[in-house]
Structure formats: structure tokens, C-alpha cells
Amino acid sequence: MKKVVAIYPGSFDPPTNGHLDLIERGSKIFDQLIVAILRNADKSPLFSISERLRMLEAMTESFSNVEVDTFDGLTVEYAAKAKASAVLRGIRAISDYEYELQMALMNRKLHPELETVFMMPAEQYSYLSSRLVREIAQLGGSVKGLVPEMVEQRLKEKMDPAVKLQYAREPKSRKR
Ligand code: PNS
């Protein structure tokens with residue numbers, strides 16, 4: 001029987017419990033799920049691609065059918081390369097729908113055989129976003145329960161002035 005491979009593309013800066021919730025749901029309905037981190041989406045991300053890759057790998061190590069990868073260029077092209085027949089995206093609230101619908105229809109225009117599958121995360125994550133997590137952490141608030149403990153720890157390290165200074169001193173190439 002044909003295996004159904006799906007990709008779950010996003011920036012994941014940082015990955016949250018909402019992402020993890022969706023990964024768990026996706027891993028139950030697809031034979032293989034590839035969490036695909038977009039490179040170069042944001043010129044000044046909080047976490048480098050390799051940091052996000054490491055965090056997501058650790059978060060998903062218990063799921064045998066989930067792998068983590070990075071990509072650039074079009075999502076539909078990456079999906080074709082990965083032999084995926086579906087793109088998984090989360091919809092938290094009606095406000096997500098317009099953008100997600102536009103993206104799904106544009107991806108369908110570009111690659112008609114690729115289906116977008118929307119899943120809803122658990123209610124307690126319906127107001128959670130990476131952007132808000134970054135903002136709360138940067139302003140010294142608690143992100144407990146919003147991100148896995150390991151991500152919480154990485155955020156604390158980023159916000160620690162001593163660590164920040166070390167990052168500022170590192171050559172640019174080592175920052176990403
Ligand atoms: O969850 P995010 O961070 O908003 O993810 C957005 C993402 C990565 C899914 C979207 O920006 C994307 O697919 N970018 C790749 C470039 C592309 O294919 N653009 C056309 C989309 S219709």
C-alpha cells in the first residue's frame with residue numbers, strides 16, 4: 001500500500017507546545033511526517049536554523065515516523081522532492097483561516113496534486129504563537145507551559161545578558 005508522506009512547514013522560531021500538539025496529531029494520520037523548517041524566512045530570527053533543528057529533533061525523538069529537515073524556496077517544490085502528497089498546517093482561530101486558505105489555494109495552483117490538510121491544535125494552544133512567545137521571553141515574562149522545558153531553557157539562555165554578550169562577540173557566520 002502507498003505510504004502517505006506529509007510535510008509540516010513553518011518557521012518554528014521557536015517551536016511551541018502548539019507545534020508539538022500538531023506534530024503528534026499529524027503523526028497519527030500520516031505514515032511519515034516531515035517537519036520542514038523554512039530557511040531565510042526572517043533575516044533576524046531569534047534562533048538559528050541549527051538551533052531550531054536541534055530543538056525540534058529533541059521534541060520529536062519519541063515519534064518514530066517523524067523527521068525534521070530544513071528547506072528554502074517553494075514549499076511545493078520541497079514537498080515534491082520529499083515525495084509528500086500533503087502539507088499539514090494548523091488553524092488556531094478564524095483569523096488564521098484567511099491566510100491559510102490563500103496559501104493552500106496558491107500551493108494547489110502551483111502543484112495541483114498536493115493536498116493541504118488543516119488540523120486544529122488543542123484548545124489551550126489556540127492563542128499561542130511563536131511571535132508571542134518571543135515577545136514574552138524578550139520582555140522577561142514566563143513561557144512555562146507554552147513551550148517544552150528545553151525550549152524554555154534555551155530562551156532563558158538567549159535572554160541572559162552574559163549569553164547575549166557572548167553571541168554579540170561571535171563572528172556573524174557562527175550566529176545563524
Ligand atoms: O508558520 P509560518 O512560519 O507562518 O510558515 C509559513 C510558511 C513557511 C509555511 C510559508 O511562508 C511558506 O510556505 N514559505 C515558503 C515559500 C513559499 O512556498 N511561498 C508561497 C506560499 S503560497
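## A predicted chain and its ligand

In helix H6 (residues 149-159), the buried residues are Val 151, Glu 152, Leu 155, Lys 158 and Met 159, where buried means under 20% relative accessible area, exposed over 50%, and partly exposed in between (1.4 Å probe, protein chains only). Because these residues cover an arc of only 120° around the axis, they lie on the same side of H6; the arc is that of the directions from the helix axis to the C-beta atoms. In general, an α-helix has 3.6 residues a turn, so residues three or four places apart point the same way.

This is a predicted model, in which local features need pLDDT of at least 70 and side-chain atom pairs count only at pLDDT 80 or more, while totals for chains, interfaces and linings use all residues. Residues are numbered from 1 along each chain as its sequence is written, and side-chain values use heavy atoms, with hydrogens and water left out.

The chain has 8 helices and 5 strands, helices (H or I, at least four residues) and strands (E, at least two) being DSSP runs numbered from the N terminus. Along the sequence these elements follow the pattern β-α-β-α-β-α-β-α-β-α-α-α-α, and buried residues make up 45% of the 176 residues in the chain.

## The ligand

The ligand sits in the largest pocket. A pocket is defined on a 1 Å grid over the protein atoms alone, as an open set of points where a 1.4 Å probe fits, with protein on both sides within 12 Å along at least five of seven lines, and a molecule sits in it if more than half of its atoms lie within 2 Å of its grid points.

| Side chain | Distance to a ligand oxygen atom |
|---|---|
| Ser 11 | 2.5 Å |
| Thr 75 | 2.6 Å |
| Arg 89 | 3.1 Å |

Taken alone, the ligand exposes 550 Å², of which the protein buries 72%; accessible areas come from the Shrake-Rupley method with a 1.4 Å probe.

## From strand E1 to helix H1

The loop between E1 and H1 contains Phe 12, which is buried with a relative accessible area of 2% and has a positive phi of about 50° although it is not a glycine. Phe 12 and Leu 56 are 44 residues apart in sequence, and their C-alpha atoms are 8.5 Å apart in space.

Pro 14 lies in that loop between E1 and H1, and a cis peptide bond, with omega about 0°, joins Asp 13 and Pro 14. Thr 16, in the loop between strand E1 (5-10) and H1, is buried with a relative accessible area of 3%, and a polar atom of its side chain lies 3.1 Å from the backbone nitrogen of Gly 18.

Within helix H1 (residues 17-29) lies Ile 23, which is buried with a relative accessible area of 0%. The C-alpha atoms of Ile 23 and Met 119 are separated by 9.9 Å, although these residues are 96 residues apart along the chain.

## An exposed loop residue

Lys 83 is placed in the loop between helix H3 (75-81) and strand E4 (86-90). Lys 83 has a positive phi of about 60° although it is not a glycine, and is exposed, with a relative accessible area of 68%.

Conventions: Polar contact = N/O pair within 3.5 Å; in protein donor to acceptor, adjacent residues only side chain to side chain. 1 Å grid on protein atoms, 1.4 Å probe; cavity = no way out; pocket = protein on both sides within 12 Å on 5 of 7 lines; lining within 4 Å.
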